[in-house]
Amino acid sequence: MTENTKESLNKKILEETERWINTTVAQSLKKVPERKRNFKTLSNIPVKALYTPVDIGNLDYFDDLGFPGEYPYLRGAQATSYRARFWTMRQFAGLGTAKETNQRFKYLIQNGQTGLSVAFHLPTIYGYESGSPMSAGEIGKEGVAIDTLADMEVVFDGIDLSKISTSMTINAPASILLAMYIAVGEKKGVPMEKLTGTIQNDILKEYQAQKSYIFPPEPSMRLIVDTIEFCTNHVPKWNTISISGYHIREAGSTAVQELAFTLANGFAYVEAGMARGLNVDDFAPRLSFFFNAHNNFFEEIAKYRAARRIWARHMKEIYHAKDPRSWRLRFHTQTAGVSLTAQEPYNNIIRVTLQALAAVLGGTQSLHTNSFDEALALPSEEAVKIALRTQQIIAHESGAADVIDPLGGSYYVEWLTNQMEAEAEKYFEHIKKLGNGSMLQGAYVGIKNNFYQREIANASYQYQKEIETKELVQVSVNEFKIEEELDKKPEILKISEHVAEKQIQNLQKVKSERDNARAQECLQTLREKAKTNENLMPYILDAVKAYCSVGEIVDVFREVFGVYREDSIF
Amino acid sequence: MERKIRLIVAKPGLDGHDRGAKVIARGLRDAGFEVIYTGLHQTPDDIVQSVIQEDPDALLLSILSGAHPVLFPEITKKLHENGVDDVLVLGGGIIPEEDVPALKEAGVSEVFGPGTKIQEIADYIRANLKR
């Protein structure tokens, strides 16, 4: 089509659209008006009744869409997508003691799960020993209790680390848990060069949203770059950071904010790695992403597509990466915990299905589907099985995975993808300005002056108000409610308080049996090295092999790096 | 002018899920209460100290990690030991229904789960103040 014929076609579509609105639509509206005055996405992007080729008139197929597995990756990270291999079905799990988590992992593997994902309990996440007063009430609750290498050995007992990839949701102490995983691998005869998996290791979003930080941002970033540098040289198949929008969204952000803050954090890590003197193409291919799958179906799909194109463009044009693997954004998705309701919890199975389908249509590389009982408690085995089955049904029965990027070319989805990219670019501009041209400095400044926290708090308050005024309907919460007594609740999982006792005993036993002089020596070396600029990974590895606890190692870092406190705004 | 009802919203324990606590703090402020938010990672002693210093009419505790059976009773016990018996204590978060009777026994007046309207909490506080 020549430019001229395209222009005249667009003109005709515009005229015809106007005619349609004034005649066919107008007549229909006289009989039944629209359900509401304004239609919008969860990111407050107004949406029209109908999209036509005019809305994506400026799109250039080759520059803006391209082909799967090729720049700008809008249509997919891999050339064959799910026609070769389905996404990795990776259910996040961890509960009670190491032994219980090991059993849950084996149960999931037996049921067809293809990757592991470890949830740690909060004391591990914050670097406290199970016996610390700070750990009271939390032991084994939100994840598995890991104090020392001995616990990690039990978690992976009987699981072949050369065959399965493992994702670990750990941030401030990520370097320590990675070291433990490497040590477990060594004991099993799997060298670190062969280990595959991911550590979350994304500290920026902790200050912005999830709040499991320990040290101030700068020393935290040093630990992250230490792991990147170490893995680049020794653990080449490891994903060194899972740059996470998930928690930003769960904290209440919009989809646009999730997209923008996550990618901006990604650029900050790239700048941090380059500032260490690393070549961008040596480490960028191992950066991976983690997004939320929330309720607004098409907006979520547009978000994933936009994320791929933004990353590709910035990595190529701004950071001058030359390796196509540095341009290609790969991501994990988890369905939105925040969207689950305690009322009529079985309805959550349907919410999760729609969210998971959005992730698949958006081209995710791996997926966690939430269990329907998670607004009530930690998930039961039965609920976890249904969640995994949801993925298997989408994969094997729906046909949704047979065509790559099946919504590509949809007037609405392409328009929305452009829209989200444009909105994200505005945020990048702002963050860059905060950092005087540096996305890394911009992230630090934005955290310290509460820019992210305020943006997220405002969005979450607006969301709550819309639910209370019923502008947003939550089925069985603010509409279609039934009597509380009729609301059948499932059997839920309880973590016994005995787990705490048992774990504290385990830790004491390990400490009494280890070579304590060696352990203290390792901690002392770590203390001295932490004060230098040397890469800490080898010394952390020595310390975990000497059965130093996560708490002991983090205490050394607390002493050297200090701790971070935030101003609490609401 | 009548003194505003004064509230402390607190996050005990290590759990960083503060979306609910913040939304409630802001919603109650907009509903006419004076609200102090403690921020995250508060120990029971931190919270009791805040109550003694700020002298609120009600204390709203939020936990989503499952630590409530240990931390809520610990806080109410310490309040009592410090002679604080006229502050209304409320709980919120992911709290299984079967845990509620024990929490009430321990001095938590009411527990509000996911999906509660802010207005409902505001009404409850106004009707049940202990002073």
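Chain B has 5 helices and 5 strands, where helices (H or I, at least four residues) and strands (E, at least two) are DSSP runs numbered from the N terminus. Read from the N terminus, the elements of chain B follow the order β-α-β-α-β-α-β-α-β-α. The model is a predicted one, in which local features need pLDDT of at least 70 and side-chain atom pairs count only at pLDDT 80 or more, while totals for chains, interfaces and linings use all residues. Residues are numbered from 1 along each chain as its sequence is written, chains are lettered from A and ligands numbered from 1 in the order in which they are written, and side-chain values use heavy atoms, with hydrogens and water left out.

The overall form of chain B comes next. The C-alpha atoms of chain B fill a box of roughly 40 × 35 × 25 Å along the principal axes. Among the contacts in chain B with a separation of 6 or more, 73% join residues 24 or more positions apart, a contact being heavy atoms within 4.5 Å.

We turn now to the interface. The contact between the chains takes 39 residues from chain A and 39 residues from chain B. About 3,200 Å² is buried between chain A and chain B, and carbon and sulfur atoms give 57% of this area. Buried area here is the accessible area (1.4 Å probe) that two parts lose on being put together, summed over both. On the side of chain A, the residues that lose the most area to chain B are A:Tyr461, A:Glu468 and A:Phe570, together 25% of what that side buries.

Polar pairing also contributes to the picture. Across the interface of chain A and chain B, 13 residue pairs are in polar contact, with both residues at pLDDT 80 or more. A polar contact is a pair of N or O atoms within 3.5 Å; within protein, one must be able to donate a hydrogen and the other to accept it, and residues adjacent in sequence count only if both atoms are side-chain atoms. Helix 4 (122–125), helix 7 (204–210) and helix 18 (451–468) of chain A are the elements that give two or more residues to the side touching chain B. Helix 18 gives the most to that side, with 6 residues. By residue class, the side of chain A that touches chain B divides into 20 nonpolar, 8 polar and 11 charged. In this scheme Ala, Val, Leu, Ile, Met, Phe, Trp, Tyr, Cys and Pro count as nonpolar, Asp, Glu, Lys and Arg as charged, and the others, Gly among them, as polar.

One residue of chain B at this boundary is B:Ser65, found in the loop between strand 3 and helix 3 (68–81) of chain B. B:Ser65 counts as buried, at 4% relative accessibility. Its side chain makes a polar contact with the side chain of A:Glu138 (2.6 Å) and reaches the backbone nitrogen of B:Ala67 at 3.4 Å. Leaving aside neighbours within four places in sequence, B:Ser65 is in contact with A:Leu122, A:Glu138, A:Lys141, A:Glu142 and B:Asp15.

Salt bridges complete the account. The count between chain A and chain B is 1 salt bridge, defined as a side-chain nitrogen of Lys or Arg within 4 Å of a carboxyl oxygen of Asp or Glu. A:Lys211 forms a salt bridge with B:Asp18, with the closest N and O atoms 3.1 Å apart. Over all chains, the whole structure holds 47 salt bridges.

Within chain A, A:Asp226 and A:Arg276 meet in a salt bridge (2.9 Å, N to O). This pair links distant parts of the chain, 50 residues apart: A:Asp226 lies in helix 8 (residues 217–234), and A:Arg276 in the loop between helix 10 (255–275) and helix 11 (280–283) of chain A. A:Asp226 is buried, with a relative accessible area of 1%, whereas A:Arg276 is partly exposed at 28%. Within chain B, B:Arg3 and B:Asp57 meet in a salt bridge (2.9 Å, N to O). B:Arg3 is exposed, with a relative accessible area of 51%, while B:Asp57 is buried at 4%.

Methods. Buried < 20%, exposed > 50% of the residue type's maximum accessible area, 1.4 Å probe, protein only.
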